[in-house]
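Please view the structure first, then read the points grouped by topic below.

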Amino acid sequence: MGRDSQPLFDVLVIGGGPAGIAAAVRAAECGVRVGIVDDNPTFGGQIWREAVQGEQNPEAARWSGLLLTGNITRFSGKRVFHQAEAGVLLAEGSDDLCELHYTNLVVATGARERFLPFPGWTLPNVMGAGGLQAMVKSGLPIRGKRVIVAGTGPLLLAVAAYLRKHDAEVPVICEQASWSSLARFSLGLLGHPGKIAQGLQLKKELAGIPFAANSWPLAAHGGQMLEGVTISRGGKTEIIACDYLACGFHLVPNVELQSLLGCQISGGHVQVDDFQQTSVHGVFCAGEPTGIGGVELALVEGQIAGLAAVGEWARARRLFGERGKARHFERMLDRTFRLRPELRNLTSAETIVCRCEDVPYSRLREHRSWRAAKLHTRCGMGPCQGRVCGPATQFLFQWNPDSVRPPGFPARVENLAGLAERTQPEDIAVTGGSR
Ligand SMILES: Cc1cc2nc3c(=O)[nH]c(=O)nc-3n(C[C@H](O)[C@H](O)[C@H](O)COP(=O)(O)OP(=O)(O)OC[C@H]3O[C@@H](n4cnc5c(N)ncnc54)[C@H](O)[C@@H]3O)c2cc1C
């Protein structure tokens with residue numbers, strides 16, 4: 001298989017969600033060579049992927065129009081997994097390997113759902129809330145299915161509304177946050193009129209679906225497949241029959257690539273200055289990796305990063321006020337949907353925590369750190385490389401993840417072999433091997 005080497009980009013953007021699109025568009029307007037790469041077949045990120053494919057969303061349509069008409073080289077279906085040398089990234093497609101050369105880089109890799117283990121969470125049809133939504137978007141039939149939506153964060157409401165629109169029955173939405181923190185959140189929305197409008201729209205779409213605060217799943221039941229869920233609802237236990245459980249506990253930033261590039265990470269977020277520049281000169285970061293703040297924050301951070309990457313400091317500075325407002329919303333989200341300590345008691349000794357390597361809670365609690373647990377149990381060493389169990393063990397045991405080792409994502413053996421020609425072989429972590 002050949003390696004496709006692209007010309008030098010003045011600005012290369014990783015991630016084709018709202019933040020990455022905004023960065024690429026603003027940089028390209030300044031007349032420089034811009035490339036954008038995303039690992040999905042279509043651009044738009046978690047929220048706009050379907051809209052970019054054709055559904056109506058004026059904001060998504062506007063930005064995707066600018067992306068398509070701007071002088072931007074687009075690479076879809078390619079995952080960046082390694083920095084071969086300073087200024088050269090490797091991205092893997094379904095049957096090719098691409099070498100991307102850049103002068104300045106904007107990393108806008110978004111976030112993923114946080115999953116917490118509880119008895120039965122590995123049963124078929126227990127899914128992430130956003131994960132189930134993505135599967136329905138890709139054609140999974142959901143009409144007439146009973147779906148319990150549970151966990152925490154505004155994504156639960158968006159998913160429940162989406163499922164209902166596609167004729168699923170949602171018997172309850174379980175939100176672990178308390179009524180008092182939700183009430184404070186609603187008051188805080190007064191400073192964000194756009195969010196109030198979105199909230200009212202969601203309320204209309206969800207009319208008639210019971211919403212339970214102070215509630216979370218205790219166990220999922222079934223033989224071959226999910227049949228029902230025990231929930232704790234305002235202190236009382238209840239079993240509800242269902243076909244699916246859509247469950248996610250807010251989002252965690254995707255910071256592995258930034259960590260691989262040497263960017264400073266603190267509290268799980270990439271550290272950036274006022275111009276979205278990371279601790280590595282010429283590497284900018286925008287959107288969810290710097291904090292979970294929603295699409296408005298992603299868009300404004302992306303624009304600032306794109307402008308700063310081409311030295312348009314004054315134009316970038318003019319967007320600081322808008323970003324400040326959006327960051328206020330990010331802090332509200334963080335306060336409201338912080339996980340309650342009781343959720344640490346959901347796991348039993350037998351509950352599998354690392355699904356890739358089948359590691360139960362009882363084996364993990366013998367260890368004092370993420371590193372020790374990895375070495376002794378192989379937790380976090382399977383195909384997901386700790387992306388699922390890492391945030392769970394961080395919450396359960398307060399373990400901090402190690403630094404990321406190349407490759408940042410599982411990659412094909414022939415591509416790793418090529419990589420080893422450039423890198424010291426012992427610096428490459430091999431999934432399924434030992435460290
Ligand atoms: C599962 C999920 C579902 C969501 N659904 C909704 C919703 O319905 N409504 C809503 O308001 N908000 C939703 N959100 C939140 C929403 O994603 C954010 O508010 C906002 O869109 C973030 O934009 P972003 O550009 O920072 O990240 P994203 O939109 O996540 O874009 C990041 C992009 O980078 C790509 N990427 C990551 N790593 C690499 C790599 N190594 N190489 C190449 N490409 C890479 C990702 O595949 C993704 O396309 C969802 C979030 C998640 C995680």
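This is a predicted model: local features need pLDDT of at least 70, side-chain atom pairs count only at pLDDT 80 or more; totals for chains, interfaces and linings use all residues.

Two strands are said to pair if DSSP finds at least two bridges between them.

**An open sheet**

- Three strands form an open sheet in the order β13-β14-β15, and their pairing is antiparallel.
- At the edges lie β13 (215-221) and β15 (236-241), each of which pairs on one side only.
- From one strand to the next, the twist averages 25 degrees.
- Strand β14 (residues 228-233) is joined to β15 by six bridges, and the two run antiparallel.
- Within this pairing, threonine 230 stands opposite isoleucine 239 of β15.
- In general, the strands of a sheet pair through backbone hydrogen bonds.

**Residues around the ligand**

- The ligand is surrounded by 33 residues, the closest being Ala19, Asp38, Asp39, Ile47 and Arg49.
- By class, this shell comprises 14 nonpolar, twelve polar and seven charged residues.
- Elements that each supply at least two shell residues include α1 (18-29), β5 (79-85) and α9 (295-309).
- Helix α2 provides the largest share of the shell, namely four residues.

**Polar contacts and burial**

- An oxygen atom of the ligand lies 2.9 Å from a backbone N or O atom of alanine 19.
- A polar backbone atom of valine 80 is 3.0 Å from a nitrogen atom of the ligand.
- For valine 295, a polar backbone atom is 3.3 Å from an oxygen atom of the ligand.
- The ligand taken alone exposes 980 Å², of which the protein buries 89%.

Definitions and conventions: Residues are numbered from 1 along each chain as its sequence is written. Side-chain values use heavy atoms; hydrogens and water are left out. Axes are lines fitted to C-alpha atoms, for helices over the stretch in contact, and angles run from 0 to 180 degrees between N-to-C directions. A residue is near a molecule or strand if one of its heavy atoms lies within 4 Å of it. A polar contact is a pair of N or O atoms within 3.5 Å; within protein, one must be able to donate a hydrogen and the other to accept it, and residues adjacent in sequence count only if both atoms are side-chain atoms. Accessible areas come from the Shrake-Rupley method with a 1.4 Å probe; for residues, only the protein chains shown count as cover. Ala, Val, Leu, Ile, Met, Phe, Trp, Tyr, Cys and Pro count as nonpolar, Asp, Glu, Lys and Arg as charged, and the others, Gly among them, as polar.
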